[in-house]
Amino acid sequence: MDRIERVWLQAEQVFGDKAKAAVWLRLPKAGFDGCSALELAREKAGYQRVVEELRRIEHGYAC
């Protein structure tokens, strides 16, 4: 499983819905320097940022 697939699965678990996960993954975010989570996750360092943000969301530390 590649990074993008892992991010999709984690986002679906965090948001509890494929459609909500897709919106979050595809929309540009200021916290990701204007990139979407999917764009950022293509690179190893960016992938880590996305995973960390999903963990914060899951635990209620981000919106």
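Here are some friendly notes on the side-chain contacts in this predicted model.

1. **Salt bridges, the tally.** The model contains two salt bridges. One joins Asp33 to Arg49, and the other joins Arg56 to Glu53.

2. **Asp33 with Arg49.** The side chains of these two residues meet with an N to O distance of 3.5 Å. Distant parts of the chain are linked here, as the partners are 16 residues apart. Asp33 sits in the loop between α2 (18–26) and α3 (37–41), while Arg49 belongs to helix α4 (residues 44–58).

3. **How open is that pair to the surroundings?** For Asp33, the relative accessibility is 62%, so this residue counts as exposed. Arg49 has 31% and therefore falls in the partly exposed class.

4. **Arg56 with Glu53.** In this bridge the closest N and O atoms are 2.8 Å apart. Both residues are in helix α4, with a spacing of three residues, or about one turn of the helix.

5. **Aromatic pairs.** In one of them, Phe15 and Trp24 have ring centres 5.7 Å apart and planes at 40°, so the pair is classed as tilted. Phe15 is partly exposed, with 24% relative accessibility, and Trp24 is buried, with 10%.

6. **Trp24 again, now with Phe32.** The rings of Trp24 and Phe32 make an edge-to-face pair, with 6.1 Å from centre to centre and 80° between the planes. Both of these residues are buried. Taken together, the ring pairs tie Phe15, Trp24 and Phe32 into a cluster.

7. **A lysine on the tryptophan.** Which residue lies over the face of Trp24? It is Lys29, at 4.9 Å from the ring centre. Trp24 thus has several contacts to look at in your viewer: the tilted pair with Phe15, the edge-to-face pair with Phe32 and Lys29 over the ring face.

How values were computed. Residues numbered from 1 in each chain as written. Predicted model: local features only at pLDDT ≥ 70, side-chain atom pairs only at ≥ 80, totals over all residues. Heavy atoms only, no water. Salt bridge = Lys/Arg side-chain N within 4 Å of Asp/Glu carboxyl O. Helix = DSSP H or I, 4+ residues; strand = E, 2+ residues; numbered from the N terminus. Buried < 20%, exposed > 50% of the residue type's maximum accessible area, 1.4 Å probe, protein only. Phe/Tyr/Trp six-rings, centres within 6.5 Å; stacked < 30°, edge-to-face > 60°. Lys NZ or Arg CZ within 6 Å of the ring centre and 35° of its normal.
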